[in-house]
Amino acid sequence: MRWIFATRWIVFALLAVGLSAAPAEVEAVAGMPFGVCVVRTNGRPAQGTWRMADWEAALREPVPEASGRALYPALSQEDGSRYFLFQGTQPLALSVAGAPRQVPPETDEARHRELLQAWWRAYQRQAQRLASGDYYEPTAETYLTAMLGRRLGLDTQDLRYWRWWRSDGADDLVGLLLGTESVRLAMQRHTALEPRRSDEPADQPLPKAVMPPPIKLPAFDRGKSVVEPMAMRVPQECFYLRCGSFGDFLWLKGLLDHWGGEFRNLVSTRGADYRIGPRLERQLALRESSLARAFGGLAVGDVALIGTDPFFREGSAVGVLFHAKNASLLAGHLTELRKQVQAGDKAVAASCVKLGDVTCSLLSTPDNAVRSFYAADGDYHLVTNSRWIAEAFLRTAQDPSRALGSLAEFRYARSLVRADKAGQTFVYLSDPFFRNLVGPAYRVEMTRRAQSLAELSVLPLARLAARAEGATADTVPELVAKGYLPEGFGNRADGSGLTQVDGQDQDTLRGGRGTFLPVPDMPVQALTRPEVEAYERFAQAYSRLWTRMDPVFGTLAHIPATGGREKLSVALHISPYARSRYGFFEQFLGPASPWRLAAIPGNLLSAELMFTERSLIGEGQEGAPPARDTRDRQRLFAGLRDFTVPFSLEAGELVLGTGRTELLESGAQGYLGVRKPAEGGIASLLLRERDGKPDAQGYVRQPLPWSEDEDHTPWVRNFGGFTVLAPDKRILASVTPKLAFQKAERPAQVRLEVGDLSTSHLGQFLTAELYVRDRRTSAANAMLLENLARQFRLPSGTALETAERLLDQKLVCPLGGTYRQEASGRWISTAWAEPELGAVAAVPKGYRHPGLAWVKGLALEFSLEPDVLRTRLELTVQHE
């Protein structure tokens with residue numbers, strides 16, 4: 001296998017240097033607005049699907065035109081030909097196979113059409129495969145393929161695989177709520193490809209809102225429901241993240257500041273920092289200081305983050321609510337922070353606004369980079385970017401029924417989760433919060449701001465394309481006239497548009513990217529007919545698929561442990577929940593058990609599942625009553641011992657040294673068992689008829705139904721009411737005598753525990769997996785920079801700044817390095833041990849993944865009760 005891989009790379013390397021041993025064929029045909037040039041060689045690239053390393057090498061290959069006239073280069077995967085467009089009829093100065101060459105363009109209209117189509121096929125395919133590889137956010141590819149196809153009259157049907165999202169399903173709501181990349185790209189493609197109508201009037205009233213059925217609460221002891229005073233000042237439509245004390249607030253902020261980046265790297269394949277925290281701090285004029293850390297506890301008794309939506313990347317409606325211990329001390333500190341913000345930026349304007357009977361302070365800038373209302377009412381002090389939230393907060397003093405704490409569902413939640421427990425952060429998402437999100441005004445504004453964001457993303461790309469071609473076009477009308485933007489670009493029914501303030505593009509009504517005017521502060525009074533139809537389609541789909549969103553609440557707690565460790569506990573509750581959504585779980589999960597299996601020394605992973613007497617896993621005896629002792633109820637359990645996973649790294653990819661099936665049969669050190677097995681399902685696997693009989697100690701060989709490999713036939717042992725299967729008899733001899741029950745802290749139906757993986761043999765494989773992931777993410781950012789430079793002919797050294805401005809994010813190397821451009825023009829990270837991904841063949845010595853080293857243990861519990869769905873995650877972490 002290695003020699004095949006090596007041969008493939010030798011072939012590609014020869015192609016990359018122009019195949020000096022093979023003559024190159026060059027053809028150039030002039031035309032309008034572009035001529036087309038193709039450089040062909042007698043060699044062919046490596047066959048099969050290209051890996052990421054292949055694309056990295058391809059994007060680093062210099063464009064064969066030496067005088068800077070090449071535009072929109074593309075590489076054909078089929079035959080290795082390299083295409084580019086050019087302007088004019090002067091001879092092209094090429095560098096082919098390392099030798100300079102002058103090529104005068106021909107003039108042949110028919111041949112020009114043929115070559116243009118060949119270039120377009122290669123260009124589309126290159127863009128599509130880079131996008132489908134999911135290496136980086138393909139914003140440039142999205143715009144260029146749409147713009148060039150429309151402008152040159154080429155077939156753009158293949159571009160529709162980036163689906164323009166239709167508002168006809170609840171999945172689209174999720175996409176808009178989270179600002180998913182696919183939705184943004186679909187918006188950008190539609191914006192760059194399709195002409196916009198300018199005569200669609202906004203003359204329709206708001207349609208009827210989605211009306212989910214009311215929540216039916218179970219009976220609960222209202223005497224046990226203690227509502228904190230803070231909750232009586234939070235509007236019902238707001239999410240509620242209450243820290244309880246200023247010390248807990250600082251702990252949570254420190255946790256997010258320190259580990260937020262690592263968590264982002266674990267769950268995202270993008271090496272990007274969206275700078276949400278610093279941007280929000282500046283917008284609210286709430287900068288943390290050493291003075292605040294030292295004395296904040298004297299001024300603040302309780303603190304909570306509230307808001308009406310989670311659109312933090314685009315601009316959310318959010319605020320920080322303080323319950324003061326010392327109101328004058330808190331007010332003085334907040335006022336001083338606001339003075340500092342105003343003194344540091346001349347663009348910040350200070351004013352007083354009247355909200356009802358209360359006069360509030362407002363700091364603002366034209367782009368909303370600073371937008372901070374400060375409203376004080378008795379001991380409660382609110383700093384928010386939303387006028388609506390400030391007004392709603394003040395209304396709760398006059399009408400407590402509008403407060404979150406007055407909701408019966410909230411009081412029910414507080415009967416399950418106490419409000420006075422120290423060291424605990426509480427999160428609540430109410431039914432009114434979800435109803436507000438799916439209402440017509442909120443949803444229509446969500447769509448309008450998404451369209452505005454798409455335009456703000458496309459406009460700078462159009463300017464770059466114009467500059468690359470040497471065109472004089474900077475304003476929207478100029479860019480539309482020359483084809484870089486479609487007709488009607490920027491036409492909007494709500495009267496908003498795009499403008500430039502101090503060289504920055506922004507929405508005339510909403511402000512700048514990342515700090516859009518909060519959704520509830522944008523009045524939506526009239527809709528276009530397409531907007532009404534879109535909402536009605538959404539309402540039908542929502543009513544059919546989601547019915548209603550269940551109230552969600554949970555806690556985050558931290559508990560000091562020994563040896564410099566700490567336990568982080570996350571408990572999530574959904575209650576009351578729509579039972580129809582969770583019928584799958586109810587079908588096979590048995591009653592929650594207060595008993596659990598004792599920990600088995602040497603296990604890296606342990607799992608338990610309680611299943612019903614009649615379930616998908618096994619059929620109980622007809623009419624048999626359930627076991628009175630929950631220890632004797634049917635229980636499926638499994639364990640994974642430490643073992644070595646053979647692997648290698650080849651061209652930045654992790655390759656298993658054996659197949660997954662072979663690994664499970666011969667390499668994995670684990671076991672699977674049942675307690676009181678029934679007939680059928682797992683029982684039929686472990687207890688089916690065998691060739692032999694168990695020996696005196698209960699051991700017997702058990703062939704697997706899907707495997708004919710007699711050399712790796714697993715063993716089964718009956719021991720103490722347990723039946724356990726393992727690939728090795730020694731595992732059974734070690735594990736089965738230790739199987740015993742112990743009382744659990746809480747009843748649960750599913751339990752999962754993971755030990756410290758960082759020092760295990762399996763951890764070596766996981767470390768390699770995580771390193772490869774981070775190395776590829778780092779390489780992807782460099783690929784993004786190199787392709788931007790190629791497609792837009794950017795001046796040397798400017799690609800990084802350009803990319804961060806285009807994407808409104810900071811490119812981050814997850815390995816801890818910084819990006820720089822070498823003299824050769826290649827972009828690299830200072831953290832790379834090898835200059836290219838194709839040379840990555842080992843994990844660097846001494847490499848430790850921060851997340852793997854930080855987490856020393858994990859425990860997960862799940863239970864589905866008649867009225868509450870509970871999930872609890874506990875992490876044991878090591879402080880550095």
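The model is predicted, so local features need pLDDT of at least 70 and side-chain atom pairs count only at pLDDT 80 or more, while totals for chains, interfaces and linings use all residues. Residues are numbered from 1 along each chain as its sequence is written, and side-chain values use heavy atoms, with hydrogens and water left out.

Trainee: Are helices α2 and α21 roughly parallel or roughly antiparallel?

Mentor: Helices here are DSSP runs of H or I, at least four residues, and strands are runs of E, at least two, numbered from the N terminus. The axes, lines fitted to C-alpha atoms over the stretch in contact, with angles from 0 to 180 degrees between N-to-C directions, come within 9 Å for α2 (residues 52-60) and α21 (residues 761-792) and cross at roughly 30°. Angles under 35 degrees count as roughly parallel, over 145 as roughly antiparallel, 65 to 115 as roughly perpendicular and the rest as oblique. That makes the α2 and α21 pair roughly parallel.

Trainee: Which strands stand at the edges of the open sheet?

Mentor: Four strands line up as β1-β2-β4-β3 with antiparallel pairing, where a pair needs at least two DSSP bridges. Each edge strand has a single partner, so one side is left without a neighbour in the sheet; these are β1 (24-29) and β3 (71-75).

Trainee: In β4, what is the bridge partner of G35?

Mentor: Strands β2 (residues 35-41) and β4 (residues 82-86) run antiparallel, joined by five bridges. For G35, the partner in β4 is F86.
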